[in-house]
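User: I would like to go through this structure and ask what lies behind the words used to describe it. Please set each value against its cut-off.

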Amino acid sequence: MRANYLFTSESVSEGHPDKVSDQISDAIVDLFLSKDPEARIACETLTTTQLVVLAGEIRCKGVYEDGAWAPGAQEEIEATVRRTVKEIGYEQDGFHWETFRFENNLHGQSAHIAQGVDASGNKDEGAGDQGIMFGYATDETPDLMPATLYYSHKILERMAADRHSGAAPFLEPDAKSQVTLRYEGSLPVAATAVVVSTQHAAGYDTGDKKAELHAYVRKVVAEVIPPVLLRDTVYHINPTGSFEIGGPDGDAGLTGRKIIVDTYGGAAPHGGGAFSGKDPTKVDRSAAYITRYLAKNIVAAGLATRCTIQLAYAIGVSEPLSLYVDTHETGTVGDDQIEAAIMNIEKLGGLTPRGIRTHLGLNKPIYRKTAAYGHFGRKPEGDFFPWERTDLVNDLKAALA
């Protein structure tokens, strides 16, 4: 890897149309898992001007069984969708939580998929789909995340908090950020460029109000990015000039279109599968979480300063097809030794879908919080973000002893 280079990552806010879709889909996942921990959910969401459409396949005791909805279930789904949009903050003519049109096109899960995934007889639960999943960790930040993405997320999280609290009443929900860092010796030494585009109230694109908005954004950046990195930084704040029309009214949104924002900002490979809208039998989600968990614990244990992990699965098959560890020549032991150690840790259950879900406790309504500002680098609290715990450090060290 080059020792000196520029690298860039972006983030998008909770009000970005794709993130609105992700949050709705994960709110539906949480709703169904709260009713039935073994529910099967694949929920896609489309958002556009004054319209939200759900589509996908489900199976959920007490909600949808034998091809029929339980009494009141569809009304509860619509209420969940509208509440999600309200909490994001959309009360605009082009997209209002109370008045948008709503379509629910969810239907029963394919019996052919179910027979491959469900456990039966001597057959363990199989993976919900084929695919490859990647996890990554680096010691660039306290959360063991790439610094470019870490700062991009933090800028928008801070702006959203100020919008919700009323500290920045001129902000509207839709926003994007982008941070470019210069690396020397594989560590960030300067922020060469920061881009922030935020939807705003009328009038904040000219004169004193524009100056107020720009000053606010620069203040947020200065409080998020360490001052030592902000040397000769070039700022691009609302570079198009005006950003009043935004969210689903400005651009259609779809579940799963921000998978690089959701993961590592391009600093690591991505297997291609999105997370939001999927129950944890879908290894697109659960295996991506366990690979992050493993990579983070490897770095936290001092076994490497950077780590990438890949897992691969076949639909209906419980055991992973492959496990690949790459510590990018920063490891204190061989990558093959780490691979063997992982597979020898019994509590991981052989990295089967059931083993992953059991170890991380994934059959719970914990997913709405993941659907904005990244699935990784978050603080584990209670049942939330269990893949961010570093409680496997001692097991890894013992397995390598």
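Analyst: The axes of helix α4 (residues 147–165) and α5 cross at roughly 125° and come within 9 Å. This is a predicted model.

User: Which residues make the contact of α4 with α5, and how do they divide by type?

Analyst: From α4 come Y151, K154, I155, R158, M159 and D162, and they meet Y216, V217, K219, V220, V221, E223 and V224 in α5. These residues divide into eight nonpolar, no polar and five charged. Asp, Glu, Lys and Arg count as charged, and K154 and D162 in α4 and E223 in α5 are among the residues of this contact.

User: Which residues of α1 and α2 meet?

Analyst: In α1 they are V20, Q23, I24, A27, I28, L31, F32 and K35; in α2 they are E76, I77, T80, V81, T84, V85 and I88. The residues of this contact divide into 10 nonpolar, three polar and two charged.

User: Why is α9 called roughly perpendicular to α11?

Analyst: Helix α9 (residues 335–343) and helix α11 (residues 393–400) have axes that cross at roughly 115° and come within 9 Å. The class runs from 65 to 115 degrees, so α9 counts as roughly perpendicular to α11. The crossing of α9 and α11 is right-handed. Q337, I338, A341 and I342 of α9 make the contact with L396, A399 and L400 of α11. By type, these residues are six nonpolar, one polar and no charged.

User: Which residues have the most contacts inside the largest nonpolar core?

Analyst: They are F32 and I342, in a core of 72 residues. Helix α8 (residues 283–300) gives the most to this core, with 10 residues. Apart from it lies another core, of 32 residues, among them M159, A160, V217 and Y235.

User: What does F32 touch?

Analyst: Leaving out residues up to four places away in sequence, F32 touches A39, I41, I58, C60, V63, W69, I77 and L106. Contact means heavy atoms within 4.5 Å.

User: How do you know whether Q50 is buried or exposed?

Analyst: Buried means under 20% relative accessible area. The value for Q50 is 18%, so Q50 is buried. Q50 lies in the loop between β2 (40–48) and β3 (51–59).

User: What makes the phi of Q50 worth a remark?

Analyst: Most residues other than glycine have a negative phi. Q50 is not a glycine, yet its phi is positive, about 55°. D232 is not a glycine either, and it has a positive phi of about 60°.

User: Is D232 buried or exposed, and how do you know?

Analyst: Exposed means over 50% relative accessible area. D232 has 76%, so D232 is exposed. D232 lies in the loop between α5 (207–224) and β12 (234–237).

User: Why is D249 called partly exposed?

Analyst: The relative accessible area of D249 is 28%, so D249 is partly exposed. D249 is found in helix α6 (residues 247–250). D249 touches T49 and G94, not counting residues up to four places away in sequence. D249 and H96 are 153 residues apart in sequence, and their C-alpha atoms are 9.7 Å apart in space.

User: What makes G56 buried?

Analyst: G56 has a relative accessible area of 7%, which is under 20%, so G56 is buried. G56 is found in strand β3, and touches A42, N105, L106 and H107, not counting residues up to four places away in sequence.

Technical notes:
Residues numbered from 1 in each chain as written. Predicted model: local features only at pLDDT ≥ 70, side-chain atom pairs only at ≥ 80, totals over all residues. Heavy atoms only, no water. Helix = DSSP H or I, 4+ residues; strand = E, 2+ residues; numbered from the N terminus. Core = buried A, V, L, I, M, F, W, Y, C linked by side-chain atoms within 4.5 Å. Buried < 20%, exposed > 50% of the residue type's maximum accessible area, 1.4 Å probe, protein only. Axes fitted to C-alpha atoms, helices over the stretch in contact; angles between N-to-C directions. Parallel < 35°, antiparallel > 145°, perpendicular 65-115°, else oblique. Left-handed = near helix turned anticlockwise from the far one by under 90°.
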